[in-house]
Amino acid sequence: MADSNWRVRAAGPADADALSLVASATFLDTYAGSLDGSDMVAHCAANNRPEKFAGWIADPSDAVTIAEIIPGFAPVGYAVLTSAVDLPVAPEPGDIELRRIYTLSRMRGSRLGPALMQHVLDDAARLSCRRILLGVWGENHRAHRFYERQGFTVVGTRQFRVGTVVHDDLVYARTVV
C-alpha cells in the first residue's frame, strides 16, 4: 500500500535496525510527557532491540509491517502481529496479537494509521487467524478511538509495566473477516 507521501510493506530481515529505531522513536513520540522519561528509555532499550524484530520477521507465524516516508524511505511507522499472544483473555483457536502498531505524530491525518491496520488485517487473514487481540494503555484515548473506529471492542484489562511503573491497559479484540 502506498500513497504519494508514504508506503506500507512487509518488513524483511534487512529492516530490523530501522524497525528498532522507529519503535523507540514512536514510543517516545507517543508517550513523552505522559510517562517518566527514564522509564521510557529503559523500556525502549529492553524491548526495541533489532534482534527482537529479526525474531518476529523470521517467524512464519508472525507478520511485521514497516511504513516509510517518500521520498527517501525513512521509517515513520510499523506494526507487529505475533502468534505468541501474551494477554489475559481466554484464548481461542486462531488468535493473534497485534503487539505493536505506531506511527510518528507527524503522520496524523495522512491515512497511514488506517493503511497500517488494513495491512495487519490482510496479514491476519493470510495467516488464517480468526481474531486479533491487542493491549493499549488505558489513558491513550486517541488510540482507543482509533481501534474502535477499526471495529475493535474491549474484552478485558491487563497491567503493563513500563520501567518501574505498572499501568492499567485495556484489551481489545476484533474478528478477522
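This is a predicted model: local features need pLDDT of at least 70, side-chain atom pairs count only at pLDDT 80 or more; totals for chains, interfaces and linings use all residues.
**View 1. Glu-92 in the loop between S3 and S4, with Arg-131**. Glu-92 is found in the loop that runs between strands S3 and S4. In sequence, Glu-92 and Arg-131 are 39 residues apart, whereas in space their C-alpha atoms are 8.0 Å apart.

**View 2. Helix H1, residues 16-31, and the residue Gly-33 that follows**. Helix H1 has 16 residues, which at 1.5 Å a residue should span 22 Å, and this agrees with the model because the end C-alpha atoms of H1 are 22 Å apart. The buried residues of H1 are Ala-16, Leu-19, Ser-20, Val-22, Ala-23, Ser-24, Thr-26, Phe-27 and Tyr-31. An α-helix has 3.6 residues a turn, so residues three or four places apart point the same way. After H1 comes Gly-33, whose phi is positive, near 90 degrees.

View 3. A search of the whole structure finds 10 aromatic pairs. Phe-27 and Tyr-31 are separated by about one helical turn, because they are 4 residues apart in helix H1. Phe-27 has a relative accessible area of 7% and is therefore buried, and Tyr-31 is likewise buried, with a relative accessible area of 7%. A further pair, that of Tyr-78 and Tyr-102, is stacked, with 6.1 Å centre to centre and 20 degrees between the planes. This pair links distant parts of the chain, since Tyr-78 belongs to strand S3 (residues 75-82) and Tyr-102 to strand S4 (residues 95-103), 24 residues apart. Both Tyr-78 and Tyr-102 are buried.

**View 4. The aromatic cluster and its member Trp-56**. One aromatic cluster is formed by Phe-27, Tyr-31, Phe-53, Trp-56, Tyr-78, Tyr-102 and Trp-137. Trp-56 lies in helix H3, which covers residues 50-58. Trp-56 counts as buried because its relative accessible area is 8%, and buried means under 20%. Although Trp-56 and Pro-13 are 43 residues apart in sequence, their C-alpha atoms are 9.6 Å apart in space.

**View 5. The loop between S2 and S3, with Pro-71 and Phe-73**. Pro-71 is found in the loop that connects strand S2 (63-69) and S3, and a cis peptide bond, with omega about 0 degrees, joins Ile-70 and Pro-71. Phe-73 is also found in the loop between S2 and S3, and although Phe-73 is not a glycine, its phi is positive, at about 60 degrees. With a relative accessible area of 38%, Phe-73 is partly exposed. Arg-7 lies over the face of Phe-73, at 3.9 Å from the ring centre.

**View 6. Helix H4, residues 112-126, and the residues beside its two ends**. Arg-111 is found in the loop between S4 and H4, where its phi is near 75 degrees, a positive value in a residue other than glycine. Arg-111 has a relative accessible area of 59% and is therefore exposed, since exposed means over 50%. Helix H4 has 15 residues, and the 21 Å from its first C-alpha to its last is close to the 21 Å expected at 1.5 Å a residue. The buried residues in H4 include Leu-112, Ala-115, Leu-116, Met-117, His-119, Val-120, Leu-121, Asp-123 and Ala-124. Just after H4, Ser-128 takes a positive phi of about 60 degrees.

**View 7. The largest pocket and its lining**. Rolling a probe the size of a water molecule over the atoms shows where empty space is left. The largest pocket has a volume of about 1200 Å³. Its lining consists of 49 residues, among which Ile-101, Tyr-102, Asn-140, Ala-143 and Tyr-147 lie nearest the centre of the pocket. The residues of this lining divide into 20 nonpolar, 15 polar and 14 charged.

Technical notes
Residues are numbered from 1 along each chain as its sequence is written. Side-chain values use heavy atoms; hydrogens and water are left out. The expected span of a helix is 1.5 Å times one less than its number of residues. Buried means under 20% relative accessible area, exposed over 50%, partly exposed in between (1.4 Å probe, protein chains only). On a 1 Å grid over the protein atoms alone, a cavity is a set of points where a 1.4 Å probe fits but cannot get out, and a pocket is an open set with protein on both sides within 12 Å along at least five of seven lines; lining residues have an atom within 4 Å of a point. Grid points are joined across faces, edges and corners, and a volume is the space filled by probe spheres set on the points. Ala, Val, Leu, Ile, Met, Phe, Trp, Tyr, Cys and Pro count as nonpolar, Asp, Glu, Lys and Arg as charged, and the others, Gly among them, as polar. Rings of Phe, Tyr and Trp (its six-membered ring) pair if their centres lie within 6.5 Å; planes under 30 degrees apart count as stacked, over 60 as edge-to-face and the rest as tilted. A charge sits over a ring if NZ of Lys or CZ of Arg is within 6 Å of the ring centre and within 35 degrees of the ring normal.
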